[in-house]
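Here are my notes on this one, as numbered points. Have the viewer open while you read.

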Amino acid sequence: MADKAITGEVVKTYAVWDRNIRWFHWINVICVLLLAILGTLILNTEILGVSGGGKILLKELHTYTGYVFFLNLLWRFTWAFVGGRYARWRAILPGGRGYGKALADYIKGLRRGEPPAYLGHNPLGRLMVGMLLLLLLVQGLTGLVLAGTDLYKPPFGSFIATWVTGGEAENLAGLRPGSKAFVDPLAYEEMRRYRKPVVTVHLYCFYTLMVLIVLHITGVVTAEVRERSNLVSALFSGRKTLTKPPLDG
Ligand code: HEM
């Protein structure tokens, strides 16, 4: 913690976000951006005139990015059990003792134009982070199922491949994504019926995520301007600067 005087105001900086959290955040930003772009391309292959092979390639690129995204997310979930104070579930999810009052006080403070300071996420931030993490988890899990149903890729690919081919070695060896050769038509149709709600959840979760990401960025920028905190640069340096004592310090 270091004291500095800027225009006569006492400003303190605190180490908040550890290296794991910073790496998680920026890897997640890059992966979600890539996944959203590739997902939008997959959705619009017909309009864009992309061939069948091109669509499979887009799905493969999307899936490999998805693996990086999902492992990064799993690492963050693990860190929420073993990391430092501001990395823990208690500091990032809404709920727990006193949360309702803290949220009400924070909103009252926002209305007055002087919200209380927090080192970790403020109560509204916890609500947003909780929703984002939940949606990212659902998106990751449904994506892994689709990687199996569409491309026969891990972790469910070999189970799906056995399902649609009947498990014969010759059929398994000939099976290709996007082709109905070597599949049992009835088993394939059955698999597609089970897949349908999964792709629907993946799609609507994507739309919801895009809306939440816009709100998340708007919230961060507004807080940065109003509270004169350094939320964005803290995710590079790990250090937060506050002009008043934090409630969670
Ligand atoms: C934040 C993360 C993700 C976003 C924003 C996202 C977005 C999308 C979108 C918009 C589509 C097109 C949906 C459609 O065609 O109806 C899609 C399809 C797909 N996604 Fe994701 N996705 C994410 C994560 C993942 C992950 C982690 C995987 C797997 C490792 C994955 C695998 C797939 C596959 C295989 C498809 C093709 C499904 C189809 O035929 O449409 N996705 N994704």
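How far apart do the end C-alpha atoms of residues 201–223 lie, and what share of the span is helix? The answer is in point 2.

1. Ground rules. This is a predicted model, in which local features need pLDDT of at least 70 and side-chain atom pairs count only at pLDDT 80 or more, while totals for chains, interfaces and linings use all residues. Residues are numbered from 1 along each chain as its sequence is written, and side-chain values use heavy atoms, with hydrogens and water left out.

2. Annotated spans. The end C-alpha atoms of residues 201–223 are 32 Å apart, and the span is 100% helix and 0% strand. Residues 127–147 are likewise 100% helix and 0% strand, with 30 Å between the end C-alpha atoms. Both spans come from the "transmembrane region" annotation of an unreviewed UniProt entry, which also covers 23–43 and 64–82. Bear in mind that UniProt positions are given in the numbering used here, feature names are shortened, and annotations may be inferred rather than shown by experiment. Helices (H or I, at least four residues) and strands (E, at least two) are DSSP runs, numbered from the N terminus.

3. The domain record. The unreviewed UniProt entry also gives "domain: Cytochrome b561 bacterial/Ni-hydrogenase" for residues 16–238. Over that stretch the chain is 77% helix and 0% strand, and its end C-alpha atoms are 6 Å apart.

4. Around the ligand. The shell has 24 residues, of which K59, H62, D150, R195 and H202 come nearest; a residue counts as near if one of its heavy atoms lies within 4 Å. Helices α1 (19–43), α3 (52–82), α6 (123–151) and α9 (185–227) each supply at least two shell residues, and α6 gives the most, with eight. By class the shell has 13 nonpolar, eight polar and three charged residues. Here Ala, Val, Leu, Ile, Met, Phe, Trp, Tyr, Cys and Pro count as nonpolar, Asp, Glu, Lys and Arg as charged, and the others, Gly among them, as polar.

5. An N or O atom in the side chain of K59 is 2.8 Å from an oxygen atom of the ligand. For H62, a polar side-chain atom lies 2.8 Å from a ligand nitrogen atom. H202 has an N or O atom in its side chain at 2.8 Å from a nitrogen atom of the ligand.

6. The ligand takes up the space of the second largest pocket; a molecule sits in a pocket if more than half of its atoms lie within 2 Å of its grid points. A pocket is an open set of points on a 1 Å grid over the protein atoms alone, where a 1.4 Å probe fits, with protein on both sides within 12 Å along at least five of seven lines; lining residues have an atom within 4 Å of a point. This pocket has a volume of about 800 Å³, and G39, I42, H62, L146 and H202 lie nearest its centre among 35 lining residues.

7. The largest pocket. About 1,400 Å³ of space lies here. Of the 47 residues in the lining, M128, L132, H216, I217 and V220 lie nearest the centre. α9 gives the most to this lining, with 13 residues, and the classes divide into 33 nonpolar, ten polar and four charged.

8. A loop worth a look. The peptide bond from P154 to P155 is cis, with omega near 5°, and P155 is in the loop between α6 and α7 (157–165). Y152 is found in the loop between α6 and α7, and its phi is near 60°, a positive value in a residue other than glycine. Most residues other than glycine have a negative phi, and most peptide bonds are trans.

Methods: A polar contact is a pair of N or O atoms within 3.5 Å; within protein, one must be able to donate a hydrogen and the other to accept it, and residues adjacent in sequence count only if both atoms are side-chain atoms. Grid points are joined across faces, edges and corners, and a volume is the space filled by probe spheres set on the points.
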